[in-house]
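User: I'd like to learn how to read packing and backbone features in a protein model. Could you take me through one, feature by feature?

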Amino acid sequence: MIVPPTKRDGSLVRERFLCYGPPGSAKTTGFLKIAKWYQDTETPGIFYVISTDLAYEAMLMDPDYESLENLVVYDVDPSNMQEFIDAGKEIKKKGKITDWFSVDLVGDAWKASQDEYANVSSKGKLSDVGTLWKASGSISDYPISGWEWGMPNARYRFLLNNCVRSFRGHVYCVSGQKELLQTSGSGKTRENELVKQTDRKST
């Protein structure tokens, strides 16, 4: 059995991982390997994951991981923020200090919170923030000025702070690699120019 590190008072040290990288860089594999290590060594612990990564189904057919009995996968709709929150609240309620909690991919939760905002602010007429952005006629400033960003921020923070960070066990979050935005001298980001170019091509 694995003996996890402990503090001077004897309490367990909670592990915190953020795995970042492009597809195929073994981010999800790392989580599965820890789960397999626990199972092979008969170490107590359940591995919960909120997943929007379609690779999970295929990976669990791998002979190395198909026999995992300590893994619980919550497949959520990547466009539905409420599903993220409902799963997060359930995992937090079930989780013990020896358990693990993964969000894979965590960036999808932020996208879902923005799409939820677009749907609410348009009274159900628009389903995603990109469509709302284009409908507003704003292709210059980002973040879009005049939008009420409090709602998507609050929903995203609730998931991360109230469910993930406050989870009593270990946390392993996965994030896809994305090019960092570069600010120009005018204060506008390089992404603005990409959006303008895309908009020109579509008209």
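This is a predicted model: local features need pLDDT of at least 70, side-chain atom pairs count only at pLDDT 80 or more; totals for chains, interfaces and linings use all residues.

User: How many helices and strands does the protein have?

Analyst: Helices (H or I, at least four residues) and strands (E, at least two) are DSSP runs, numbered from the N terminus. Here there are seven helices and five strands. Read from the N terminus, the order is β-α-β-α-β-α-β-α-α-α-β-α.

User: What share of the residues counts as buried, and what share of the contacts joins residues at least 24 apart?

Analyst: Buried means under 20% relative accessible area, exposed over 50%, and partly exposed in between (1.4 Å probe, protein chains only). Of the 203 residues in the protein, 38% count as buried. A contact means heavy atoms within 4.5 Å. Among contacts between residues at least 6 apart in sequence, 74% join residues at least 24 apart.

User: Now helix packing. At what angle do α3 and α6 cross?

Analyst: Axes are lines fitted to C-alpha atoms, for helices over the stretch in contact, and angles run from 0 to 180 degrees between N-to-C directions. Angles under 35 degrees count as roughly parallel, over 145 as roughly antiparallel, 65 to 115 as roughly perpendicular, and the rest as oblique. Helix α3 (residues 81-94) crosses α6 at roughly 15°, and their axes come within 10 Å. The two helices are therefore roughly parallel to each other. As for handedness, a crossing is left-handed if the near helix is turned anticlockwise from the far one by less than a right angle, and right-handed if clockwise. The crossing of α3 and α6 is left-handed.

User: Which residues make that contact?

Analyst: From α3 they include M81, F84 and I85, and from α6 they include Y156, F158 and L159. For classes, Ala, Val, Leu, Ile, Met, Phe, Trp, Tyr, Cys and Pro count as nonpolar, Asp, Glu, Lys and Arg as charged, and the others, Gly among them, as polar. The contact of α3 with α6 has seven nonpolar, three polar and three charged residues.

User: How do α4 and α6 pack?

Analyst: Helix α4 (residues 106-121) packs against α6 at an angle of about 145°, with the axes 8 Å apart. Their crossing is right-handed. Among the residues that meet are W110 and Y117 in α4, and M151 and L160 in α6. By class, this contact has 10 nonpolar, three polar and two charged residues.

User: And what is the angle between α3 and α4?

Analyst: It is about 130°, with the axes 8 Å apart. That makes α3 oblique to α4. The contact involves M81, Q82 and F84 of α3, with D108, A109, A112, S113 and E116 of α4.

User: On to the rings. How many aromatic pairs are there?

Analyst: Rings of Phe, Tyr and Trp (its six-membered ring) pair if their centres lie within 6.5 Å; planes under 30 degrees apart count as stacked, over 60 as edge-to-face, and the rest as tilted. The structure holds nine such pairs. One of them, F31 with F47, is edge-to-face, at 5.4 Å centre to centre and 65° between the planes. F31 sits in helix α1 (residues 27-40) and F47 in strand β2 (residues 47-51), 16 residues apart. Both F31 and F47 are buried. The rings of F101 and F167 have centres 5.3 Å apart and planes at 70°, so this pair is edge-to-face. F101 and F167 are buried too. There is also an aromatic cluster formed by F17, F31, Y38, F47, W100 and Y172.

User: What about E42: is it buried or exposed?

Analyst: E42 is exposed, with a relative accessible area of 69%. E42 also has a positive phi, about 55°, although it is not a glycine, and its place is in the loop between α1 and β2.

Conventions. Residues are numbered from 1 along each chain as its sequence is written. Side-chain values use heavy atoms; hydrogens and water are left out.
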